[in-house]
Amino acid sequence: MKVCVVTGAGGVLCSAFAAEMSRAGYAVALLDINEGAVNAVADSINAAGGTAKAYTVSVLDRAALEAVRERVLADLGPCDVLINGAGGNNPRATTTHEYFEAGEEDASAEELTTFFNLSESGFDFVFDLNLKGVLLPTQVFARDMLGREGCSILNISSMNAYRPLTKIPAYSAAKAGVSNMTQWLAVHFASAGIRVNAIAPGFFCTNQNRALLFHEDGTPTPRTGKILAATPMGRFGEPEELFGALRFLTDAEAASFVTGIVIPVDGGFSAYSGV
């Protein structure tokens, strides 16, 4: 049985990816920092007749990832497909306003978060989570793909990689880096037979962005109105609508000559000029 390693597997999108890869016949190794969430995903996949193992680990801890790799090898076997799904934003790296307003340069962080008082540690955390969160798992698990046929890596980019979204500078910059690193890795590993591609989801409601999209009472924020107005299909995506791109890019036969691409799955957002 082939093995698929999924980072961020406790999240909304990556738990769905893991379940779909299980349905495709893979044994899935589920990696996430949230022990309760990733165990629940493993239980669900196993209850449905699949084979899944949960591993609690941070994608920013190289030594811990190495230890998990040894456990995955013992439990399931070598990695055939790596899905680098761990990522997300953080309030410490999110500005209060979309545009600069006079006087913000003197505001304290207690009053509001501005570009000028943006937390350096918050920026570092978001940037590292999204970009090093691709680098480190790839360094650890790609070695098991060397010299073996049909192996691939799938990264998760974002609409932010095409055009930076307001208020989230670290996340936007990091996801642009993910798309760039996808191309770099595709070239670097081409001679080793490892394909590297990415999906760039449009707007899906996940645990990471829910607070930006909906108020606590469940009503949509103004940001949601802007997103839907700029999405020609006029709605958020559903996780299952990413499965077509997932299945294609990880299929060693259908995508045998496909590497270094990023597929947007966005309801037309990236194609819409606003007029």
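Mentor: C151 counts as buried, at 1% relative accessibility. In this predicted model, the closest cysteine sulfur to that of C151 belongs to C79, at 7.2 Å. A disulfide requires two cysteine sulfur atoms within 2.5 Å, so the separation of C151 from C79 is too far for a bond. C79 is itself buried, with a relative accessible area of 1%. For the sulfur of C79, the closest cysteine sulfur lies in C4, at 6.8 Å, and this distance is likewise too far for a bond. The structure as a whole holds zero disulfides.

The helix pair comprises α3, which spans residues 62-75, and α4, which spans residues 120-141. Their axes come within 10 Å and cross at roughly 40°. That angle makes α3 oblique to α4. The crossing in which α3 passes α4 is right-handed.

The contact can also be described residue by residue. On the α3 side, R62, L65, E66, V68, R69 and V72 take part. Their counterparts in α4 are L136, P137, Q139, V140 and F141. Sorted by class, the contact of α3 with α4 contains seven nonpolar residues, together with three charged residues and one polar residue.

How values were computed. Residues numbered from 1 in each chain as written. Predicted model: local features only at pLDDT ≥ 70, side-chain atom pairs only at ≥ 80, totals over all residues. Heavy atoms only, no water. Buried < 20%, exposed > 50% of the residue type's maximum accessible area, 1.4 Å probe, protein only. Axes fitted to C-alpha atoms, helices over the stretch in contact; angles between N-to-C directions. Helix = DSSP H or I, 4+ residues; strand = E, 2+ residues; numbered from the N terminus. Parallel < 35°, antiparallel > 145°, perpendicular 65-115°, else oblique. Left-handed = near helix turned anticlockwise from the far one by under 90°. Contact = heavy atoms within 4.5 Å. Nonpolar A, V, L, I, M, F, W, Y, C, P; charged D, E, K, R; others polar.
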